[in-house]
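These are my notes from a first look through a structure that is new to me. I began with the overall layout and then turned to the side chains.

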Amino acid sequence: MLTPPSGALIRGLRCLGGLLRDPSGEHPRERLRLPSPLRAPLGYDAVGVDAGLGPRVRRGLRRTGCVFADAERWWWIVPAQADIGLVWPEPARYAPGALVPARASGAGPCLTHWPEDDVPYTHPVMLYIVVCNVLGVRPDWSAVPADAAAARR
């Protein structure tokens, strides 16, 4: 069993966790895959921010779950449907099912942070507040627009 250093950034590992290709093929997407020792009993989605903002968001969080990153984005793993009731500010991206845009080069996001415990999630509300703070916008606690809620079904 692979055991990384507690809470450490994982450097030099080639896409630990890997990507799974989206079978629908409509929009080329790949699913961020958690390392096998970590369990996600609530399912999981991902929240991404521009790579330049990633370190600032990371520093603002008290506890961080799994984080995947590439040259363009950092992705935090959150429980499935953690977007309900939250309107993520631009340029943050919410990825249901942790399906992220596929890269033509095949070099997608790699696991860069493994949590100290075995819980892969970052608390979505805390992440939301930190992302809003880093972007300089007020959190919007309004309900998810009806069309977005219907699209989830």
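Before reading the order of elements I noted that helices and strands are DSSP runs, a helix needing at least four residues and a strand at least two, numbered from the N terminus. I also kept in mind that this is a predicted model.

Entry on the layout. I looked up the secondary structure and found that the protein has 3 helices and 8 strands, and that from the N terminus on these elements run β-β-β-α-β-β-β-β-β-α-α. I then asked what share of the contacts with a separation of 6 or more comes from residues 24 or more positions apart. In this protein such residues account for 75% of those contacts.

I looked up how much of the protein is covered, and 43% of its 153 residues count as buried. The accessible surface comes to about 8600 Å², and carbon and sulfur atoms hold 55% of that area.

Entry on the aromatic rings. I searched the whole structure for aromatic pairs, and the search gave 3 of them. For W74 and W76 the ring centres are 5.9 Å apart and the planes stand at 40 degrees, so I wrote this pair down as tilted; an angle under 30 degrees would have counted as stacked and one over 60 as edge-to-face. Elsewhere in my list, ring pairs join W88, Y94 and Y128 into a cluster. I also noted a charge over a ring, where R31 lies over the face of Y44 at 4.1 Å from the ring centre.

Entry on helix α1. I found P55 in helix α1, which covers residues 54-60, and I noted that P55 counts as partly exposed because its relative accessibility is 33%. From P55 I went on to W74, which is 19 residues away in sequence, and the C-alpha to C-alpha distance between the two is 8.8 Å.

Entry on helix α2. Which residues form a nonpolar patch on the surface? I found V125, M126, I129 and W141 there, together giving about 360 Å² of accessible area. Of these I followed V125, which lies in helix α2, residues 124-135. Its relative accessibility is 31%, so V125 counts as partly exposed, the class that runs between the buried limit of 20% and the exposed limit of 50%.

Key:
Residues numbered from 1 in each chain as written. Predicted model: local features only at pLDDT ≥ 70, side-chain atom pairs only at ≥ 80, totals over all residues. Heavy atoms only, no water. Phe/Tyr/Trp six-rings, centres within 6.5 Å; stacked < 30°, edge-to-face > 60°. Lys NZ or Arg CZ within 6 Å of the ring centre and 35° of its normal. Patch = residues over 30% accessible without salt bridge, like charges linked within 9 Å, V, L, I, M, F, W, Y side chains within 5 Å. Areas by Shrake-Rupley, 256 points an atom, 1.4 Å probe, with all protein chains shown as cover. Salt bridge = Lys/Arg side-chain N within 4 Å of Asp/Glu carboxyl O. Buried < 20%, exposed > 50% of the residue type's maximum accessible area, 1.4 Å probe, protein only. Contact = heavy atoms within 4.5 Å.
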